[in-house]
Amino acid sequence: MGSWVCELVNYLNEYENAKIKLCIVDRDKDFFVQRLPHLAENRSIEWIGCDVRSLTEIPSHVNYIIHAAATPDHRFHASSPIETMTTIADGTACILRAANRVSNLIKFVNVSASAIYASNPQVERISETSPGLPLSTKSASAYAEAKRYAEVLCASARSEARMPIITVRPFTFCGAYQHLDSPWVINNFINDALNHRPIRILGDGKSVRSLMYGADLAYWLLVVMLHGNSGQVFNIGNDQGESVADLAKRVAGCFFPTPNILTNTALTGVINNSRLVPDVTASRKYFGLDIYTDTMLAISRSIDWYQASLVSGWKMI
């Protein structure tokens, strides 16, 4: 998400003379330089090397804040639940305190997660008012519980400090800058195909997902930030779902020879089917937003980028 926002801001500055200055808070500048070397020396970008949990000050000239400090990788959540929760909970508290001292703040966007919603395969699309997960004390729920807590922190900051905060809940995305070994179906399918393996589906392929391309994600995020009202909550994602089996076929069709597709490859037994598709009626209604990159184009562009990266030596795994 951060990489795509950087790319969009850079585009607006270069081609629309937007004159936007971007301040990036991250612990690892080397990783940023490796990922976005063409932006590393950009004078419109200011680097703040800091763990978000230690952030005490935000430059006074900042007008908008996008708080997205967390990883949605469930492998990290499982292996480091405390790190997961403190990054989200303590990080959100720190940045809210720092933001409250920014005199020219116009909008604060809290990036939550679709993980807070309860899974219901019978629900075609998940709306912003859909039920949340039941309260859980299991370490596997660390990410979802921390994101819900962060939303409450932001609601409290709105109430107590009158901070102008909007919450967005992202769903599933694809495109440049995602690591191939990320634990999401589309990455796994592309990884298999690039390495000349059969595409493996853990279950029977009937689970449903939707994909939004990274450029659409960045555009939606900035539009919501600029034009949304404090207190609003918006899903961000593609509302056109497809079965996992159909997504595998789309990926396979981009390669020659076409890889085989295998189902029920999980070693842990039966995989329950799930459905993760957002209702984005609110975003369409308030902002006139749409899906500008359809699923097939999003997949083919992602594959093109991965293939080019393999040639250039970009480290994807």
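**Backbone, helices and salt bridges**

Modeller: Asn-264 sits in the loop between E12 and strand E13 (275–276). Keep in mind that this is a predicted model.

Colleague: What is phi for Asn-264?

Modeller: Phi of Asn-264 is positive, about 55°, although the residue is not a glycine. Asn-264 counts as exposed because its relative accessibility is 54%, and the cut-off for exposed is over 50%.

Colleague: And Arg-162, where is that one?

Modeller: Arg-162 is in the loop between H5 and strand E5 (165–170). Its phi is near 60°, again a positive value in a residue other than glycine. With 66% relative accessibility, Arg-162 counts as exposed.

Colleague: Which peptide bond is cis?

Modeller: The one from Phe-256 to Pro-257, with omega near 0°. Pro-257 belongs to the loop between helix H8 (244–252) and strand E12 (261–262).

Colleague: Another proline, then. Where is Pro-198?

Modeller: Pro-198 is in the loop between helix H6 (185–194) and strand E7 (199–200). Its relative accessibility is 34%, so Pro-198 counts as partly exposed.

Colleague: What does Pro-198 touch, leaving out residues up to four places away in sequence?

Modeller: Asp-192, Asn-260 and Leu-262.

Colleague: Helices now. How do H1 and H7 pack?

Modeller: Helix H1 (residues 2–16) packs with helix H7 (residues 214–227) at an angle of about 75°, and the axes are 9 Å apart. H1 and H7 are therefore roughly perpendicular to each other, as angles of 65 to 115 degrees count that way.

Colleague: Which residues meet there, H1 against H7?

Modeller: From H1 there are Trp-4, Val-5, Leu-8, Val-9 and Leu-12. On the H7 side they meet Gly-214, Ala-215, Ala-218, Tyr-219, Leu-221 and Leu-222.

Colleague: What about H4 and H5, what is the angle?

Modeller: About 10° between H4 and helix H5 (residues 142–161), with the axes 9 Å apart. That angle makes H4 roughly parallel to H5. The H4 residues in the contact include Met-85, Ile-88, Ala-89 and Leu-96, and those of H5 include Tyr-143, Tyr-149, Leu-153 and Cys-154.

Colleague: Change of topic: how many salt bridges?

Modeller: The count comes to 13 salt bridges.

Colleague: Give me one. What does Asp-51 pair with?

Modeller: The side chain of Asp-51 meets that of Arg-27 in a salt bridge, 3.2 Å from N to O. Asp-51 lies in the loop between strand E2 (45–49) and strand E3 (64–67), and Arg-27 in the loop between strand E1 (22–26) and helix H2 (29–35), so the pair ties together parts that are 24 residues apart in sequence.

Colleague: Is Asp-51 buried or exposed?

Modeller: Asp-51 is buried, with a relative accessible area of 17%. Arg-27 is exposed, at 55%.

Colleague: Then Arg-75, which residue does it bridge to?

Modeller: Asp-73, with the closest N and O atoms 2.6 Å apart. Arg-75 is partly exposed, with a relative accessible area of 38%, whereas Asp-73 counts as buried at 13% relative accessibility.

Colleague: And what is the partner of Arg-284?

Modeller: Arg-284 forms a salt bridge with Asp-290, and the closest N and O atoms are 2.8 Å apart. Both count as partly exposed: Arg-284 at 28% relative accessibility and Asp-290 at 34%.

Colleague: Last topic, the surface. Which residues make the nonpolar patch of about 250 Å²?

Modeller: Tyr-64, Ile-106 and Leu-226 make that patch.

Colleague: Where in the chain is Ile-106?

Modeller: Ile-106 is in the loop between helix H4 (81–99) and strand E4 (107–111). Its relative accessibility is 41%, so Ile-106 counts as partly exposed.

Terms used
Residues numbered from 1 in each chain as written. Predicted model: local features only at pLDDT ≥ 70, side-chain atom pairs only at ≥ 80, totals over all residues. Heavy atoms only, no water. Patch = residues over 30% accessible without salt bridge, like charges linked within 9 Å, V, L, I, M, F, W, Y side chains within 5 Å. Areas by Shrake-Rupley, 256 points an atom, 1.4 Å probe, with all protein chains shown as cover. Salt bridge = Lys/Arg side-chain N within 4 Å of Asp/Glu carboxyl O. Helix = DSSP H or I, 4+ residues; strand = E, 2+ residues; numbered from the N terminus. Buried < 20%, exposed > 50% of the residue type's maximum accessible area, 1.4 Å probe, protein only. Axes fitted to C-alpha atoms, helices over the stretch in contact; angles between N-to-C directions. Parallel < 35°, antiparallel > 145°, perpendicular 65-115°, else oblique. Contact = heavy atoms within 4.5 Å.
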